[in-house]
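This briefing walks through the fold of a single chain, topic by topic. Please read it alongside the sequence and the model.

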Amino acid sequence: MSQDRVAEIWGRRTPHARDTEWPVRVDQHLRDGVAEGDVDRWVQSACVLCSNGCACDIAVKDGRMVGVRGRANDRVNHGRLGPKGLYGSVEWSDQDRLTTPLVRQGDRLVETSWDDAMGRIVAESKKRQPLAHGFYTSGQLFLEEYYALAVIGKAGLGTPHMDGNTRLCTATAAAALKETFGSDGQPGSYNDIESCDALFLFGHNMAATQTVLWSRVLDRVEGAEPPVVVAVDPRATPVADVAVRTGGVHLAPLPGTNQALMNGLLHEVIDRGWIDREYVDAHTIGYDELAATVASYPPDRVAELYGVPAEDIRRAAEIFGTSERVLSTVLQGFYQSHQATSSSCQVNNLHLLRGLIGKPGSGILQMNGQPTAENTRECGADGDLPGFRNWANLDHIDELARLWNVDRLVIPHWAPPTHAMQLWRYVEQGSIDFLWISATNPAVSLPELPRIREILAQDNLFLVVQDGFLTETAQYADVVLPAALWGEKQGTFTNASRTVHLSEQAVEPPGEARSDLDIFLDYARRMDFRDLDGRPLIDWAGPEEAFDAWKECSRGRPCDYSGLTYERLRGGSGIPWPCTDDVPDGTDRLYGDSRFPTDPDACEDFGHDLLTGGSTSPEKYKAQAPGGRAFLKAAEFTEPPEWISPAYPLIATTGRSPYQFHTRTKTGRSRRLRDAAPSVWVELSKRDADELGVAEGDKVRVESARGSMAGSARIGEGRDGVVFVPFHYGHWDNDTGDATAANEFTLTEWDPVSKQPMFKVSAVRVSKED
């Protein structure tokens with residue numbers, strides 16, 4: 001369809017009633033000067049510019065990608081694409097690309113051959129012990145590439161130091177699901193939007209983060225029997241506007257106080273008797289402790305201490321407690337804080353108290369921020385073990401040892417896997433001095449950027465960067481490997497709702513660029529990794545063989561792919577796992593039988609103390625005799641490690657624009673998206689702006705104890721005392737020399753369980769610049 005999707009972000013409405021199918025609307029965009037009749041062929045894929053994973057076809061003309069259109073028959077998007085997908089999917093493909101390997105000579109990067117570049121990497125790798133190696137990857141590779149990397153790291157080198165930028169966006173989703181249900185895996189389905197009576201969005205500005213999914217919500221809201229919406233967000237967003245319009249509530253907690261708010265909601269639901277006690281007794285553990293903990297959080301106390309009106313808390317609790325079918329989504333507003341896992345688990349608790357899980361219209365979506373974040377967790381490229389196996393369960397270690405035909409002792413399992421924040425600390429301290437970064441830009445995306453720049457510049461660090469562009473991070477590298485990107489390679493990826501899509505290769509990569517899978521397999525071959533029988537550790541080549549190897553790794557596990565093939569994924573809709581011979585069309589939602597993977601021999605994790613992060617021992621876990629029941633985990637509220645003070649009287653939070661993705665490596669090369677959101681801004685409430693003497697468009701500086709950045713002011717309607725800055729923008733404004741990255745002021749602290757950093761809570765001061 002022809003429409004300006006910068007001005008109309010969510011496209012035209014196709015309203016429909018509850019329990020009816022979401023109508024199809026096919027969105028399409030071709031590059032300027034290209035008509036539909038000019039297209040040589042359309043190639044199946046799915047968009048990788050948010051975690052929604054909208055199915056699409058790539059338009060190819062004369063060997064170039066020239067546009068995209070949505071796939072009408074796909075379960076995720078029913079033909080729709082968002083502005084990033086429409087305008088940012090292909091424009092980057094022939095701009096500023098890396099086409100040849102680069103190596104460092106003094107202060108310069110110079111072109112070299114693949115043989116020389118890989119030879120240097122292998123020589124440096126062989127000099128070092130396994131524990132000197134670190135791998136930091138992305139949420140934007142394909143499943144096959146993650147699995148290859150996991151086998152290399154865990155069975156080839158034997159290093160536990162492997163994680164990625166998914167730690168920044170999706171770690172809490174996995175942690176909260178493990179703590180409550182025993183394993184990762186989204187319980188709910190996007191189809192629940194069509195059936196729910198109430199929709200709760202906890203720290204989730206869906207209108208900006210998943211624009212197509214929000215258009216799905218809008219079509220329900222504007223149809224017959226619309227759901228009531230409740231938004232939990234300190235900012236006044238389009239989601240908050242819809243919450244008010246539907247008779248719901250906008251709860252605006254101060255960043256860092258989510259746990260107190262959730263305890264207040266749970267208090268009210270329990271106190272008013274809005275629970276299914278029969279379900280709770282049969283299918284959960286921990287009710288008495290939860291009820292005792294939240295008893296001291298009546299809405300009046302929460303309101304007095306944390307500034308959320310008591311009547312709003314009561315109204316939200318009433319909606320949750322009396323609606324027949326409730327769908328909840330959770331994202332970064334909850335995840336990027338000091339009690340991230342704890343507050344996210346309370347969302348799970350609300351659903352379990354009412355038995356609203358595993359049913360149409362009733363479920364939980366602990367969302368992702370990146371398109372293939374789910375695959376990092378499944379495959380073990382984020383530090384966990386492949387197939388949602390438990391690193392503290394020796395039977396699971398032995399399963400992998402047999403599968404890979406390696407000695408159990410090679411597979412790191414003597415301590416918890418190294419999370420990204422600790423990995424970077426090890427690099428800072430020098431115990432990791434070989435770091436391989438693939439498909440991510442930590443020189444912009446990590447917290448406390450002055451520190452990260454110092455780490456990347458260390459003389460003793462051998463840094464490999466694998467990317468499609470010479471990013472801010474790549475400029476620090478000793479070796480830069482040119483990587484093929486989306487549309488230039490083949491593979492599968494799984495979106496936030498467990499739906500697996502196949503992305504076919506549409507065009508050849510530029511110059512000498514290679515797929516990430518080819519690069520990893522080349523490294524494994526040159527390192528000569530062998531199994532116990534002396535055969536190559538990785539004896540498969542190409543994405544489809546890698547997929548088949550992964551299927552065997554996943555067989556029998558919660559994320560079972562054994563019923564999937566490339567052929568089954570061609571032509572039609574994506575398919576949600578688990579998909580087996582018994583359920584060949586996949587599984588729409590989990591836990592319909594109210595049996596959870598908490599048995600000690602099946603669970604992915606034995607759990608943690610939500611306040612300290614201390615691990616539960618296998619013995620203590622088994623003593624609870626979970627028997628397939630879910631855990632109702634409770635926690636008191638604690639203040640963040642950094643809080644407002646006379647020197648820093650405001651709380652800054654970071655987030656996304658609907659027009660940009662991550663550090664703008666792709667979307668910043670689209671003219672339409674660049675024009676829509678060309679530079680960083682600083683959002684202030686009207687009262688705060690008035691007190692500072694700031695008007696719309698004035699230049700302001702945001703400063704914390706760690707650093708500062710500058711941008712133009714926007715006057716919003718969010719909560720007083722809260723500053724919002726989008727995190728997409730890089731280090732410097734070339735015209736003024738000012739730092740523009742939000743992560744100049746964020747801090748190096750993280751949730752004790754998920755280890756996700758606290759991007760949402762930074763104490764700052766704001767000043768008007770002359």
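**Strand pairing and the mixed sheet**

Val103 stands opposite Val479, which belongs to strand 17. This is a predicted model, and the pairing in question is that of strand 5 (residues 102-105) with strand 17 (residues 479-482), which run antiparallel and share 2 bridges.

- Both strands are listed in an open sheet of 7 strands, whose order is 6-5-17-16-15-7-8 and whose pairing is mixed.
- At the edges of this sheet are strand 6 (108-111) and strand 8 (162-164), each of which pairs on one side only.
- Neighbouring strands of the sheet are turned against each other by 20° on average, with direction ignored.
- Helix 21 (residues 516-527) packs on the sheet, where it touches strand 7 (133-137), strand 15 (434-438), strand 16 (462-467) and strand 17, and its direction makes about 155° with that of strand 15.

- Another open sheet consists of 5 strands in the order 11-10-9-13-14, and its pairing is parallel.
- Its edges are formed by strand 11 (249-251) and strand 14 (363-366), each pairing on one side only.
- From one strand to the next, the twist in this sheet averages 10°.
- Within it, strand 9 (residues 198-202) and strand 13 (residues 326-330) run parallel and are joined by 5 bridges; Leu199 has Leu327 of strand 13 as its bridge partner.

**Nonpolar cores**

- The largest nonpolar core has 75 residues, of which Phe181, Phe200 and Phe202 touch the most other members.
- Helix 9 (residues 258-271) gives the most to this core, contributing 7 residues.
- Setting aside neighbours within four places in sequence, Phe202 is in contact with Val232, Met262, Leu265, Ser328, Thr329, Val330, Leu331, Phe334, Val347 and Leu350.

- Gly182 follows helix 5 and has a positive phi, near 90°.

- Gln336 is located in the loop that lies between helix 14 (332-335) and helix 15 (340-354), and because its relative accessibility is 8%, it counts as buried.
- The side chain of Gln336 reaches the backbone oxygen of Leu168 at 2.8 Å.
- Residues up to four places away in sequence not being counted, Gln336 touches Leu168, Gln756, Pro757, Met758, Phe759, Lys760 and Val761.
- The C-alpha atoms of Gln336 and Asp688, which are 352 residues apart along the chain, are separated by 24 Å.
- Thr159 lies in the loop between helix 3 (143-157) and strand 8, and it counts as buried because its relative accessibility is 1%.
- A polar atom in the side chain of Thr159 lies 3.0 Å from the backbone oxygen of His133, and the side chain of Thr159 also reaches the backbone nitrogen of His161 at 3.1 Å.
- Leaving aside neighbours within four places in sequence, the contacts of Thr159 are Pro130, Leu131, His133, Phe135, Gly153 and Pro412.

**The chain as a whole**

- The secondary structure of the chain comprises 26 helices and 27 strands.
- The radius of gyration is 25 Å, close to the 27 Å that the globule rule gives for 770 residues, so the chain is as compact as a globular protein of that length.
- Along its principal axes, the C-alpha trace spans about 70 × 65 × 55 Å.
- Of the 770 residues in the chain, 68% are buried.
- Among contacts between residues at least 6 apart in sequence, 74% join residues that are at least 24 apart.

Terms used. Residues are numbered from 1 along each chain as its sequence is written. This is a predicted model: local features need pLDDT of at least 70, side-chain atom pairs count only at pLDDT 80 or more; totals for chains, interfaces and linings use all residues. Side-chain values use heavy atoms; hydrogens and water are left out. Helices (H or I, at least four residues) and strands (E, at least two) are DSSP runs, numbered from the N terminus. Buried means under 20% relative accessible area, exposed over 50%, partly exposed in between (1.4 Å probe, protein chains only). Contact means heavy atoms within 4.5 Å. A polar contact is a pair of N or O atoms within 3.5 Å; within protein, one must be able to donate a hydrogen and the other to accept it, and residues adjacent in sequence count only if both atoms are side-chain atoms. Two strands pair if DSSP finds at least two bridges between them. Axes are lines fitted to C-alpha atoms, for helices over the stretch in contact, and angles run from 0 to 180 degrees between N-to-C directions. A nonpolar core is a set of buried Ala, Val, Leu, Ile, Met, Phe, Trp, Tyr and Cys residues joined through side-chain atoms within 4.5 Å. The radius of gyration is taken over C-alpha atoms; the globule rule is 2.2 Å times the number of residues to the power 0.38.
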